[in-house]
Amino acid sequence: QVRLVESGGGLVQPGGSLRLSCTTSGSLFRVWPVGWYRQAPGKERELVARLGSGSAPNYADFVKGRFAISRNNAANTVYLQMNNLQLEDTAIYYCNCHQYWGQGNQVTVSS
């Protein structure tokens with residue numbers, strides 16, 4: 001059974017940083033594109049960043065220059081480095097690959 005296991009969320013002040021991790025067993029991330037999505041209360045889930053197997057990453061306009069997606073193939077792990085976090089970045093963040101989703105990880109930005 002394929003599982004995506006996320007970690008790294010939490011509470012941070014505006015301007016702070018967090019790094020999310022998404023780990024799976026096997027080579028799923030080497031075959032399919034991997035994306036990070038987020039869903040804030042009362043809003044629809046939206047794409048944050050996406051990384052293909054051999055292509056440059058894509059970012060939503062609202063995180064360009066602040067967030068970075070990367071992959072460690074040896075560890076079957078994908079990361080989302082989030083810098084200069086703002087109040088509006090508060091959401092549950094989800095890792096996605098093919099039809100699989102992580103459990104979601106709460107990120108709260110608050111002073």
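**Notebook: cysteines, charges and core**

I noted the cut-off here: a disulfide needs the sulfur atoms within 2.5 Å. Cys97 is buried, and its relative accessible area is 0%. I keep in mind that this is a predicted model.

**Entry: the disulfide**

How many disulfides does the structure hold? I found 1. Cys22 and Cys95 form it, with 2.1 Å between their sulfur atoms. I looked up the torsion next. The angle about the S-S bond is -80°, and the link of Cys22 and Cys95 is left-handed. Cys22 sits in strand 3 and Cys95 in strand 9, so the pair ties together parts 73 residues apart in sequence. I checked burial for both partners. Cys22 and Cys95 are both buried.

**Entry: Thr77**

I moved to Thr77, which has its place in strand 8. Is Thr77 buried or exposed? Thr77 is buried, at a relative accessible area of 6%. I then went through its polar partners. The side chain of Thr77 makes a polar contact of 3.0 Å with the side chain of Thr23. A polar atom of the Thr77 side chain also lies 2.8 Å from the backbone oxygen of Ala75. I listed the contacts of Thr77, leaving aside neighbours within four places in sequence. They are Ser21, Cys22, Thr23, Phe29, Ser70, Arg71 and Asn72.

**Entry: salt bridges**

I counted the salt bridges and got 4. I started from Arg38. The side chains of Arg38 and Glu46 meet in a salt bridge, 2.9 Å from N to O. Glu46 is partly exposed, with a relative accessible area of 30%. Arg38 counts as buried, at 6% relative accessibility.

Asp89 forms a salt bridge with Arg38 too, and the closest N and O atoms are 2.9 Å apart. This pair links distant parts of the chain. Asp89 is in the loop between strand 8 and strand 9, Arg38 is in strand 4, and 51 residues separate them.

Which arginine does Asp89 bridge with its closest N and O atoms 2.7 Å apart? I found Arg66. Asp89 lies in the loop between strand 8 and strand 9, while Arg66 lies in the loop between strand 6 (58-59) and strand 7, so the pair ties together parts 23 residues apart in sequence. Arg66 counts as buried, at 15% relative accessibility. Salt bridges with shared partners join Arg38, Glu46, Arg66 and Asp89 into one network.

**Entry: aromatic pairs**

I searched the whole structure for aromatic pairs and found 2. In one of them, the ring centres of Tyr94 and Trp101 are 6.4 Å apart and the planes stand at 85°, so the pair is edge-to-face. The cut-off I used is that planes over 60 degrees apart count as edge-to-face. Tyr94 counts as buried, at 12% relative accessibility. Trp101 counts as partly exposed, at 37%. I also noted the cluster: Tyr37, Tyr94 and Trp101 form one aromatic group.

**Entry: the nonpolar core**

I ended with the core. Nonpolar side chains tend to be buried together in soluble globular proteins. The largest nonpolar core here has 27 residues. Which of its residues touch the most other members? They are Phe29, Trp36, Val48, Phe67, Leu80, Met82 and Tyr93. I checked which elements supply at least two core residues each. Among them are strand 3 (18-23), helix 1 (28-31), strand 4 (34-39), strand 5 (46-51) and strand 7 (67-72). Strand 8 (77-82), strand 9 (91-97) and strand 11 (105-109) are on that list as well. The largest share, 4 residues, comes from strand 9.

Residues up to four places away in sequence were not counted. Leu80 touches Leu18, Arg19, Leu20, Trp36, Val48, Ala49, Phe67, Ala68, Ile69 and Tyr93. Trp36, Val48, Phe67 and Tyr93 on that list are also among the core residues that touch the most other members.

Note on methods: Residues numbered from 1 in each chain as written. Predicted model: local features only at pLDDT ≥ 70, side-chain atom pairs only at ≥ 80, totals over all residues. Heavy atoms only, no water. Core = buried A, V, L, I, M, F, W, Y, C linked by side-chain atoms within 4.5 Å. Buried < 20%, exposed > 50% of the residue type's maximum accessible area, 1.4 Å probe, protein only. Contact = heavy atoms within 4.5 Å. Polar contact = N/O pair within 3.5 Å; in protein donor to acceptor, adjacent residues only side chain to side chain. Phe/Tyr/Trp six-rings, centres within 6.5 Å; stacked < 30°, edge-to-face > 60°.
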